[in-house]
Amino acid sequence: MSRELPFIARQARQAGLLNCHICGQLSRAPAGGGFLRCPRCRAPLHMRKPASLATTWALVIAAAILYIPANLLPMMSTASLLGSQEDTIMSGVIFLWQSGSWPLAAVVFFASVMVPLLKIFALVYLAASAQRRSRHRLIQRTRLYRMVEFVGRWSMLDIYVITILVALVKFQGLATIQAGPAAVAFGAVVVLTMFAAMSFDPRLIWDPAADSAPSSPDPDSDHA
Amino acid sequence: MLAPDAHPSLPAALIACHECDLLQTEPVLAPGETARCARCGAFLARNPPDSVDRSLALCLAAAILYLIANVYPLVGLEMQGQRVEVTLAGALLILWRDGMQPVAALVGVTTLVFPLLELAMILVVLVPLRLGRVSPRLAPFFRLVRAVKPWSMVEVFLLGMLVSLVKLSHLADVILGAAFWAMAALIVVLTLAGRAFDSRLLWQTPVIENSP
Ligand SMILES: [Zn+2]
Ligand SMILES: [Zn+2]
């Protein structure tokens, strides 16, 4: 059926079609443009997510700045009869490692230190390559985007660890644990990178390749 | 009406990939089959068997598990005969009073409010579907489910509980409460419910044609 379109179009955008992100209904925009709603589910329609790259950049830069205090400031401070101690994310990982639970140390290190950092780098790469209208590694970049979306939520791990630690130790009464300022910064990093990933439109990866080959039916040469 | 509608002017079998925008014909799916984008491999649709009945049953089970997970203690410590246990709400309250309101709010929203909202909205959509009343008025609820989903993080919270218990295990004996197991089961049931639900069932109503 797609062969019988008005012209050879591989992308919905080239055929002037808007794809509803909720129900998947395709529709043709009226000439005037303006604010459109899906005729089937009434969700707002956009050819691409509005101001996608600018929003992604702003959120990623904010997340990158907050990543510094999130790692340098104390995540929690412990006070007991034996003295007091302040823990950053990294010293928490080292504590887990030294106490012999190295699989969990690896999980926390990966979720709290590596994932946010890799996510920031991945989003910078995705936004920059889309902005340069790169036509390379289309599939790989789409997969990278999917991974960023999937893995981001696991960074929330340390926030939950703090929650349970503070609650249990406070109840038990022998020591006090307080969440430190890094917890707020870290939570903000997770939320900001999640919003950044949501505001990035993966179709921007494919648009330059589609534009560069208006008559040739296939830009598959870019694929790995 | 304020907003002009876009015109639906194409055969219903034509769809576009939401990740790479490739136009393709919607494949006819056998029960249990999944459709992926021909170019980028993005998930397009699934045809789960007995979609409405199964997802409704799973969502009702999830609702019961959610209740157990929030009423009973999650985890606890036992030390010299003294036993302390916390519920999810109790932990949040302590964090809130400790001057960590932003963190408490973030945890509360992602583990308590949004999972509940997600579950409630799925049920709001599923019950009329089960009764055979497909209506365009269900669409906003479904949109809410989609908006809330990335932010409900029960499975991450469960792993977080495990990590914190390991950290405390040198101080005292740790106890896994009834709510902990309910939450573990909730994750499984919610995942199955998500896989069982075919959102295309919602859009069976014919598209309202607007004249321009
Ligand atoms: Zn729609
Ligand atoms: Zn695709």
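This is a predicted model: local features need pLDDT of at least 70, side-chain atom pairs count only at pLDDT 80 or more; totals for chains, interfaces and linings use all residues.
Residues are numbered from 1 along each chain as written, and chains are lettered from A and ligands numbered from 1 in the order written. Local features need pLDDT of at least 70 and side-chain atom pairs pLDDT 80 or more, while totals for chains, interfaces and linings use all residues, and side-chain values use heavy atoms, without hydrogens or water.

Me: Which residues coordinate the zinc ion (ligand 1)?
Reply: The SG atoms sit at 2.2 to 2.3 Å. Angles of 100 to 114° make this site tetrahedral. The donor spacing is C-x2-C-x14-C-x2-C. The residues are Cys20(A), Cys23(A), Cys38(A) and Cys41(A).

Me: How many residues apart in sequence are the parts that Cys23(A) and Cys38(A) tie together?
Reply: Helices (H or I, at least four residues) and strands (E, at least two) are DSSP runs, numbered from the N terminus. Cys23(A) lies in the loop between β1 (17-19) and β2 (26-28) of chain A, and Cys38(A) in the loop between β3 (36-37) and β4 (44-45), so the pair ties together parts separated in sequence. The parts are 15 residues apart.

Me: What area is buried between chain B and chain A?
Reply: Buried area is the accessible area (1.4 Å probe) that two parts lose on being put together, summed over both. Contact means heavy atoms within 4.5 Å; 72 residues of chain B are in contact with 76 residues of chain A. Carbon and sulfur atoms give 71% of the buried area. The area is about 6900 Å².

Me: Which residue of chain A forms a salt bridge with Glu155(B)?
Reply: A salt bridge is a side-chain nitrogen of Lys or Arg within 4 Å of a carboxyl oxygen of Asp or Glu. The rule finds 3 across the interface of chain B and chain A. For Glu155(B), the closest N and O atoms are 2.7 Å apart. The partner is Arg153(A).

Me: Is Asp198(B) buried or exposed?
Reply: Asp198(B) lies in the segment after α6 (178-196) of chain B. Leaving aside neighbours within four places in sequence, Asp198(B) is in contact with Arg46(B), Asn47(B), Pro48(B) and Ser51(B). With a relative accessible area of 7%, Asp198(B) is buried.

Me: Is Leu67(B) buried or exposed?
Reply: Leu67(B) is found in helix α1 (residues 51-71) of chain B. The C-alpha atoms of Leu67(B) and Ala179(B) are separated by 8.8 Å. Exposed means over 50% relative accessible area. At 57%, Leu67(B) is exposed.

Note on methods. Buried means under 20% relative accessible area, exposed over 50%, partly exposed in between (1.4 Å probe, protein chains only). Donors are N, O and S atoms within 2.8 Å of the metal (3.2 Å for Na, K and Ca); water is not among the atoms, so sites may look incomplete. Four donors count as tetrahedral if all angles lie between 85 and 135 degrees; four count as square planar and six as octahedral if opposite donors are over 155 degrees apart and all others between 65 and 115; anything else is irregular.
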